[in-house]
Amino acid sequence: LLVCDTPDAPLLQHGNYTQMFQNLFQEPLESFDVTKNEYPQKEYDSYIITGSRYSAYEDVEWIHKLKQFVRDLDKKGAKIVGICFGHQIVAEALGGKVSKNPGGWEIGWTRLKLNDDGKRVFGREWLDIQEMHQDHVSVVPPGFTVLGATAICPVQVMQKSNIVTLQGHPEFKHEFVKQLISIRTNKGIFTEDQQDRA
Ligand SMILES: *[C@@H]1O[C@H](CO)[C@@H](O)[C@H](O)[C@H]1NC(C)=O
């Protein structure tokens, strides 16, 4: 697990990213805080890249380093799962582009529609998932197939042979999202109306 952020103190009662993903998979994961330049010293079959409050296009050293790590992993054919910021980092690293969504924030419980490719992969018509993003993948990297979309975010899920990435957060629990939205509403990042709808 390549951890790209740590939730603020009041949210840590729900666990940090390592704990949230361990809860999701119901098994221990080895985790590395890539914001502190911690990287695995051995090779793994598969890697998960977490969400983050940072933007994938920021000119920050650890973000550049993570993109290079993704390119190296991809050359070796390692399996990668990217979540939110992780989805966006994969896009930026492998020749796509990330930008601020002109459609604005997408937050809370959201139904995304799978296209025919997505239906084949997931074996269902849609995914219900927690969203928490303003940036989105605006250019799909070469070789990737888009699997699902929402009204304001056309690239919700993308995939190629060894990689699958999601804009939404399968690891976020309802109570975590509720508190995060409330904190951000108090700070004026989200309006009351956005909070109610989410
Ligand atoms: C997450 O929390 C656990 C338990 O407190 C701690 O051992 C671990 O170092 C934390 N991981 C990160 C990446 O912050």
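What follows is a conversation about how the terms used for this predicted model are decided.

Visitor: What should I keep in mind before we start?
Guide: This is a predicted model, in which local features need pLDDT of at least 70, side-chain atom pairs count only at pLDDT 80 or more, and totals for chains, interfaces and linings use all residues. Residues are numbered from 1 along each chain as its sequence is written, and side-chain values use heavy atoms, with hydrogens and water left out.

Visitor: Why is H133 called buried?
Guide: Buried means under 20% relative accessible area, exposed means over 50%, and partly exposed is what lies in between (1.4 Å probe, protein chains only). H133 has 2% relative accessibility, so H133 counts as buried.

Visitor: Where is H133 placed, and what makes that a strand?
Guide: H133 is in strand β7, residues 126-133. Helices (H or I, at least four residues) and strands (E, at least two) are DSSP runs, numbered from the N terminus.

Visitor: What makes the meeting of H133 and E106 a polar contact?
Guide: A polar contact is a pair of N or O atoms within 3.5 Å; within protein, one must be able to donate a hydrogen and the other to accept it, and residues adjacent in sequence count only if both atoms are side-chain atoms. The side chains of H133 and E106 are joined at 2.7 Å. A polar atom of the H133 side chain also lies 2.7 Å from the backbone oxygen of D135.

Visitor: Which residues is H133 in contact with, leaving aside its neighbours within four places in sequence?
Guide: Contact means heavy atoms within 4.5 Å. On that basis H133 is in contact with C84, Q88, G104, W105, E106, C153, Q156 and Q167.

Visitor: Why is the pair D5 and R53 called a salt bridge?
Guide: A salt bridge is a side-chain nitrogen of Lys or Arg within 4 Å of a carboxyl oxygen of Asp or Glu. The side chains of D5 and R53 meet at 2.9 Å, N to O, so the pair qualifies. This pair links distant parts of the chain, 48 residues apart: D5 is in the loop between β1 (2-3) and α1 (17-25), and R53 is in the loop between β3 (46-49) and α2 (61-76). D5 counts as buried at 10% relative accessibility, whereas R53 is partly exposed at 44%. D5, D8, R53 and K187 are linked in a network of salt bridges, and the structure holds 12 salt bridges.

Visitor: What about D74 and K160?
Guide: Their closest N and O atoms are 3.0 Å apart, so they form a salt bridge too. D74 is in helix α2 and K160 in strand β10 (residues 157-160), 86 residues apart. D74, with a relative accessible area of 18%, is buried.

Visitor: And how are D117 and R120 separated in helix α4?
Guide: Being three residues apart in α4 (residues 116-122), they are separated by about one helical turn. An α-helix has 3.6 residues a turn, so residues three or four places apart point the same way. The side chains of D117 and R120 meet in a salt bridge of 2.4 Å, N to O. At 30%, D117 is partly exposed, while R120 counts as exposed at 63%.
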